[in-house]
Structures are given as C-alpha cells and as structure tokens.
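Please look over the sequence and the model before reading on.

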Amino acid sequence: MEKADFVLKGSAIFTGAGDKPISGCVLIKGNRILKIVPLDRMTGYIDEKTTVINCGDHLIMPGFNDSHMHISLGSVQNDPDFCIQMMNCKSEEECVQMVKSFADSHPDNPWIYGTGWYAEVWDNPHTPSKESLDALNLDRPVCLNSFDLHSVWCNSIALDKIGIKKDTPNPQGGIYGHDEQGELNGILYEPPATKAMMDEVLNVPTLKQSLLKCLKHFRELGITSVADVYPSGLTNDNIPEIFDELEQSGELTTRITSFPSLTDIAGAKELKRKYHTNKHRVAGLKQVLDGVVEAHTAFLSKEYDNDPGKFGDTSLTQDELNKYVLAAQKEGFPVKIHTIGDQASTMALNAYEYAKSKIGKLTLHNSLEHIDMIRQDDIDRLKSLNVMCAVQPQHCIGDYMSGGYLPCIGKERLSHTWPYREILDAGGHLAFGSDFPAVYSVNPIWTIYAAVTRCEPNEGKPDGGYFPEHAITLTEALQAHTKWSAYAESFENELGTLEPGKLADVIVLDRNLFDIDPQEIRFAKVNLTFSDGKLVYKRGK
C-alpha cells in the first residue's frame, strides 16, 4: 500500500465535488492527492516519514483559484517604493499631499506613480484635475491610476512628455478629458487613451522582487492558482521569462495560467509552445471590449441617465470581434471577453454564437468577464453557448457602496446588476476572481463573503446586503473560487476539487465556514497552505 507524505485529518473536508463537508483524511503523496479515506482507514497509509496533521473541525478545501487578475501589475502597485496607494484617500487634496510626500522621499524615481484614487467615494465627489498636481511645482511627471485602472490623472508635465495636446484626437475606445474651456483637464479615460503614458511608466526593472513579495502574500491568503489576463499592465517584455525563472527556482508557489491578447493569436501560440507546464501555462485569450460605468465607457443598450445620448463605446466592432473569436476557436483557444455594459455582453455572446454557426458546438471554456450588467435574455443564452461568467463579487459590493452607479444608470437598472443568482438558476456557471489590483482586497475570503451576504467585508454593511435576491449559497461561492475557476482555465482535470490524482493544492482555514453565521465568514483566516504537495505556509510561522 502506498504511503502518504501528508495526512490531513478532520471532520470538515470540502472536496468541491460535493455540496457539504465530509469527515475523513486527505492523503497527499508527492504533488498529488493520493486518496480521501475515512478516519478508520488512515493508519494503512502512514509510515515513519508521514506527517499527520489533525485539523479538527477546521475546513479543509482546495486552494483558492483567482479567475481574473493582473499579477505583474498588482505586484508592482503594492511595492511601496514604486507606487503610492490612494485607495483610502477621501479627497483630491489628500491624494495631492501623498504625491508630494512620495516625491520628496523618492527623489530618484523618474515618474511619480500612484493608484487607487476613487473620486466617487471622496467626501466631496468630483473629477480631479491637473491643476492641483501642477500646483506642487514638481520637476517630474505624475501619473495616477484610478482604482479600476480605467482612468489616469496626470500633471501637465506628463501630458507634455507623451505629446498629448488639447487638439489631439481621441483614440478609438479612449478619451482625452477636457474642461469647459476646451483645455486638457489631466484625465485620460480607458486603455487606448492611457496606453502611451502607461507604457513608459510601467516598465519595471525590479518586477521579480515585487512578484516574490506578492507570492508570499498569496500563500498567506491560500491563493494557489490564478488566471493572469491581458493586459499585463506592464511593458516589461520579459514577464513570461520571469515566471519561468521563478518556476525553475522553486519559488513559484502560485500557479499562473496566462490569457494573452485576443488580437495576437500568433504571439499566443508561440507563448503556449514555450510555456505549458502545470505551474506556468497559456490557456486562452482575453479581450477588453468596453470600459466602466463610472467613466461612461461601458457599452449600454440604454443611454446613461446622467449623460443623455451617450451609450459608451467598444474597442472592436461586432464584425471584428466575430472574426477574432472564430479564429481563436479554430486554434483551440478559449476566449475571455471583458463586458461590463449589457450591450457589450450581447456583442460578446453574438460573437460566440457566430463562431458556433461556423464550427458547430462550442466545446472550449469561453467566458464573459465582469458582467456588471447583462439582460435576462442574454443570461438565457449562456448555457446553450457553453459560456461561463468570471465575476468579482468585491467589485459588485464596492460599486454599490460608492454610489457611483446610481446616477449613471438609475435605481431600476442598478437593481438588476451583478445577477449571480439568476445566472446560476439559468444553468450558467460562475468563476470567482478579484481583478487584482483593481480591488479593495485580493483576499478570497472577502470575495466569498461578499457573494453570500451581498455586504461589504470591512464593516459588514449594509444590514441585509445590497439586493440580497442576487446572493448565492456558500457551497456555490466556494465552488466558484475553486472548481469553476479551474474550469475557466481549462484546468479542471488537474485542479479545483480534492479528488485522487489531482494536484495537491490544499488549504486549511481556521474554522468551518459551514458552521458559522454567514456574517462571520469575513473573519476567517488561512491556517495552512499546500502548493504542489508542499507545505508553503503555516499561520504564525
């Protein structure tokens, strides 16, 4: 009889294959799950080399899998010597003061870079301007990403450095902001408008060091796999090589599944040829189709309430999207399409339907990403097209809390946003992620809590949650962050559930989430993290 390297015994094993925890032992041999056996059969798998861990009633479960993030960008944006974190700022003045302090303490940084400002939650919500930054009289360009990474606030030096003038035409899908006098106001909306500036700012020579810090944090949170989606956010041309270096050195404790650009299929094929291990692989392609609601760039079927005549925009036409999606399917690449506005969701589903009409049944694991808004008739199309939804419940709660959506789309449309319950009831599937770094916290526990309670995780408000009719069960939420995230990465044969033969990415929480009040979920911590069969994190050590 094969002997286990580790035995995790306990009364609450959530395998992900079933709905409720079971009692027993998870046996790990090498980097695989050997078996799950009843407690009374444990001894036959133990020898003097076996480590037995008694987990009691703490929840044993698959490692968390984040189905949508930008890991390189998140790593550098959480490096305090590279980036100013402004998420908690309550005013334009507070942001400007942070810029000054950072500039004073980092005199050699060629750019002053920051992220996280969120004008909608300021004490006095308004659009900031370059004038407040110019008043600092700095001799360097300032570039500040909004929390959702869809807008940049910059000073005049930054605009001059990139060559953006007041009469520079807007790029397709992007906007150079102007004030009432027609002058540039220092706000650039959407990646086509921000790209030239971000290309220069985000070429980071210290990326590997930042990634190592990030991976340590992921171990603490039980994040053992992620989908790293286009765009990377950085202009380093060596990101795959750095991932490979970390894998070769044994430091890549979180599996990375990459989804490069839909519009560069040839490049994706070459990356897949070079990098296709179970630690670092290419599984599909990604396209940003529309923008975000607060910037009026999400593509809606009905005009914005506070901007009559405006419906948002897309990066591709329907014909262009159809062409790329069909080409991807023929090459065996599933596609992730960023769709926030309901009309963008319709466009994406139309593209999948077009591909189906040309090649027959769609078997690849295609998805819509975000789906803040989607109509019921499109929800009803998800199952027949075999399209799943990769969503970020913390975004949902954050946007409700900020109040930024209400003036844009009104109360009636707001009440139908993020319809997770309806998607599951229609036979669709949800894969959970964070959109790190465009999120308050990358903590999967908070994501689970937000989906189950529809409350924000920091203070547990509001009582009863935001539109609780859209809430889902704890089982559904845990599976969305494990089983269905693996499916979204075409990795379901190796990951996502605790079953014999699958890779041994396992975590142990400090409590059984099924035995506590849902409001207590947000306080849960990870006690142990196993990655590839190795114990890589022990709380308190």
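Contact, as used below, means heavy atoms within 4.5 Å.

## Basis of the report

This is a predicted model, in which local features need pLDDT of at least 70, side-chain atom pairs count only at pLDDT 80 or more, and totals for chains, interfaces and linings use all residues. Residues are numbered from 1 along each chain as its sequence is written, and side-chain values use heavy atoms, with hydrogens and water left out.

## Ile223

Ile223 is found in strand S13 (residues 223-229); helices (H or I, at least four residues) and strands (E, at least two) are DSSP runs, numbered from the N terminus. Leaving aside residues up to four places away in sequence, Ile223 touches Phe64, Phe218, Thr254, Val442 and Pro444.

Ile223 has a relative accessible area of 1% and is buried. Buried means under 20% relative accessible area, exposed over 50%, and partly exposed in between (1.4 Å probe, protein chains only). Between Ile223 and His481 there are 9.8 Å in space, C-alpha to C-alpha, although the two are 258 residues apart in sequence.

## Ser531 and Ala504

Ser531 lies in strand S22 (residues 526-531), and Ala504 is found in the loop between helix H17 (483-488) and strand S21 (506-509). Both are buried: the relative accessible area is 3% for Ser531 and 0% for Ala504.

Not counting residues up to four places away in sequence, Ser531 touches Thr253, Ala504, Asp505 and Val536. On the same terms, the contacts of Ala504 are Ile28, Asn31, Arg32, Ile33, Phe530, Ser531, Asp532 and Gly533. Ala504 and Cys95 are 409 residues apart in sequence and 44 Å apart in space, C-alpha to C-alpha.

## Helix H2

Helix H2 (residues 92-105) has 14 residues and spans 20 Å from its first C-alpha to its last, close to the 20 Å expected at 1.5 Å a residue. The expected span of a helix is 1.5 Å times one less than its number of residues. Buried in H2 are Glu92, Cys95, Val96, Val99, Phe102 and Ala103. Seen down the axis of H2, these fall within an arc of 125°, so they line one face of the helix; the arc is that of the directions from the helix axis to the C-beta atoms.

The face of H2 turned away from its buried side carries the exposed residues Glu93 and Asp104. The buried residues are covered by elements including strand S7 (84-85), strand S8 (112-117), helix H3 (130-134), strand S9 (142-146) and strand S10 (151-154).

## Helix H9

Helix H9 (residues 318-330) has 13 residues and reaches 18 Å from its first C-alpha to its last, close to the 18 Å expected at 1.5 Å a residue. Its buried residues are Leu321, Asn322, Val325, Leu326, Ala328 and Gln329. Viewed down the axis of H9, they lie within an arc of 160°, so they line one face of the helix.

These buried residues pack against helix H8 (265-274), strand S16 (285-288), strand S17 (335-339), helix H10 (342-359) and strand S18 (366-370). On the face of H9 turned away from the buried side are the exposed residues Asp319, Lys323 and Lys330. Just after H9, Gly332 takes a positive phi of about 85°.
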